[in-house]
Amino acid sequence: MNRNEIEEKVRNFLIEDLEIDEEKITPDALLKEDLGIDSLDFVDIVVIVERNFGFKIKPEEMKGVDTYSKFCDYIETKVN
Amino acid sequence: MRRVVITGMGIWSCIGTSIEEVKESLYNGKSGIGIEEERLRYGYQSGLTGIVPKPQLKGLIDRHLRRGMSEEAEYAYMAGRQAFEMAGVDEEYLLNNEVGCIFGNDSSAKPVIETAKLMEEKHDTELLGQSYIFQSMNSTINMNLSTIFHLKGVNFSVSAACASGSHSIGLGYMLIKQGLQDMVLCGGGQETNFYCMASFDALGAFSKNMAEPAKASRPFDRDRDGLVPSGGGAALVLEDYDHAVARGAHIIAEVLGYGFSSNGTQGISQPSDDGCVRAMRRAMDDAGVEPSEIDYINAHATSTRQGDMVEATAIDKLFHGTKALISSTKSMTGHECWMAGASEVVYSLIMMQHNFVAPNINLENCDEVSGKLNLARQTVDTEVNLVLSNSFGFGGTNSALVIRKFE
């Protein structure tokens with residue numbers, strides 16, 4: 001899966017499932033502060049990522065993943 | 001003891017999703033019953049159900065507050081919004097005052113079943129997501145509404161089968177009467193998804209008259225063949241009288257009395273005329289009124305032979321020869337189960353406000369007991385000042401409320 005495909009899927013679920021405004025989703029957007037993703041959202045994100053990318057997020061691997069861009073990097077690493 | 005009044009009401013049901021729409025349906029004897037094909041595919045004996053529109057909450061409530069809402073919490077929220085609006089209670093008031101919340105609810109099957117299905121498939125709780133826990137508990141309405149409306153007062157749910165909604169009003173009334181609360185949002189909610197009534201359908205208690213859905217629910221009629229499940233949400237703002245006057249609220253009615261009882265007989269689904277009589281008597285004693293003063297009885301009658309006949313016997317014992325007109329609005333709405341005790345108070349208040357008694361539709365031939373009752377087969381234009389509302393449930397739980405129009 002290439003980077004564009006990953007970003008398209010991530011953007012889609014942020015907009016559709018988490019109802020985040022499209023214009024807020026920029027590479028440097030902070031997941032918590034800018035996109036308003038809270039700890040309960042992360043419980044749902046585990047489910048959504050498993051459904052879209054076929055792997056399960058491990059919380060320990062998410063350390064330091066605090067922006068949209070880093071989140072896509074993390075998924076890219078896992079799927080490829 | 002303080003006086004308890006009603007200053008707001010709201011409804012989301014199969015006969016309307018606003019007070020005005022419901023008034024038209026009640027006055028015109030309009031049925032809200034239809035067929036859900038999904039139930040038949042799923043394996044129900046009957047596809048009949050109240051057809052309740054789904055609320056559109058996107059845009060009304062932030063996603064973070066919405067994600068834990070079950071179907072019945074959504075219905076109850078819509079009703080609660082209407083009730084607070086009618087009572088003149090806004091967001092600022094709720095932030096600065098202690099308002100309680102007691103709702104009747106006795107199941108939340110869909111999220112429970114979906115959770116079980118996912119667990120069977122994934123065997124991993126990390127793949128369930130965060131919503132199901134808040135949707136699947138019986139207190140789902142309370143936990144969601146209290147959070148969304150920022151409520152600071154009493155906060156718990158009542159599970160008492162088909163009397164849940166009525167007991168919720170009774171408990172709110174008692175808390176205000178005793179001076180423990182000034183304002184409580186009371187009500188009931190009932191899910192309508194195709195999962196929720198399978199085990200009830202198993203009893204063979206549902207009407208199978210799928211050829212004529214609007215004629216399927218026929219309480220007190222000799223030729224009834226069972227009840228029709230239904231649902232939605234109903235809410236009432238109960239308030240201390242002096243508190244309502246002090247803030248200049250419009251008072252709709254006064255809750256005069258609450259009566260409850262348990263049958264104490266064998267048979268978990270067996271009704272008892274003695275249990276019904278004791279609940280009605282206690283409510284009227286609490287209200288300080290005689291049966292001869294009651295203008296209208298909103299009967300529990302669900303359209304099952306045994307239940308209707310037992311209630312008819314109980315009503316005849318107390319009200320034989322009195323002026324009270326009787327009807328079961330379930331003839332139009334179907335059986336709104338956990339919500340019914342609250343929605344039927346809303347229906348009765350609408351009749352009070354507009355001077356009519358709604359008809360017990362589909363009553364063509366009485367049976368040997370219902371023939372003794374003063375049943376309203378058609379809409380009756382008349383003043384309705386004093387109402388008795390009955391609700392009974394599995395396990396022999398009974399509730400009755402006496403409500404008087406406020407002049």
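A residue is buried if 20 or more other C-beta atoms lie within 10 Å of its own, exposed if 12 or fewer, and partly exposed in between, with C-beta atoms placed from the backbone. By that count Y74(A) is partly exposed, with 16 other C-beta atoms within 10 Å. This is a predicted model, in which local features need pLDDT of at least 70, side-chain atom pairs count only at pLDDT 80 or more, and totals for chains, interfaces and linings use all residues. Residues are numbered from 1 along each chain as its sequence is written, and chains are lettered from A and ligands numbered from 1 in the order in which they are written.

**Confidence**

- Chain B has a mean pLDDT of 98, and 100% of its residues reach 70 or more; pLDDT is the predictor's confidence in each residue, from 0 to 100.
- For the complex, the predictor gives an ipTM of 0.91 and a pTM of 0.97.

**Chain A and its interface with chain B**

- Six residues of chain B are in contact with 10 residues of chain A (contact: C-beta atoms, placed from the backbone, within 7 Å).
- Y74(A) sits in helix α3 (residues 68-79) of chain A; helices (H or I, at least four residues) and strands (E, at least two) are DSSP runs, numbered from the N terminus.
- Beyond its neighbours within four places in sequence, Y74(A) contacts E61(A), M62(A) and V65(A).
- E19(A) is 55 residues from Y74(A) in sequence and 22 Å away in space, C-alpha to C-alpha.

**Helix α8 of chain B**

- Eight of the nine residues of α8(B) are buried, so this helix is largely enclosed by the rest of the structure.
- Those buried residues are T140(B), I141(B), N142(B), M143(B), N144(B), L145(B), S146(B) and I148(B).
- They pack against α3 (63-66), α4, β4 (100-104), α7 (131-136), β5 (155-158) and β6 (183-190) of chain B.
- H150(B) follows α8(B) and has a positive phi, near 60°.

**Helix pairs in chain B**

- Helix α4 (residues 71-87) and helix α8 (residues 140-148) of chain B have axes that come within 9 Å and cross at roughly 45°.
- Axes are lines fitted to C-alpha atoms, for helices over the stretch in contact, and angles run from 0 to 180 degrees between N-to-C directions.
- That makes α4(B) oblique to α8(B); angles under 35 degrees count as roughly parallel, over 145 as roughly antiparallel, 65 to 115 as roughly perpendicular and the rest as oblique.
- E72(B), A73(B), A76(B), Y77(B) and G80(B) of α4(B) meet T140(B), I141(B), N144(B), L145(B) and I148(B) of α8(B).
- This contact has six nonpolar, three polar and one charged residues.
- Helix α1 (residues 19-28) of chain B packs against α15(B) at about 80°, with the axes 10 Å apart.
- The α1(B) and α15(B) helices are therefore roughly perpendicular.

**Positive phi in chain B**

- F220(B) is not a glycine, yet its phi is positive at about 70°.
- F220(B) lies in the loop between α10 (198-201) and β7 (232-240) of chain B and is buried, with 28 other C-beta atoms within 10 Å.
- C337(B), also a residue other than glycine, has a positive phi near 45°.
- C337(B) belongs to helix α15 (residues 337-354) of chain B and counts as buried, with 33 C-beta neighbours inside 10 Å.

Definitions and conventions. Contact = placed C-beta atoms within 7 Å. Nonpolar A, V, L, I, M, F, W, Y, C, P; charged D, E, K, R; others polar.
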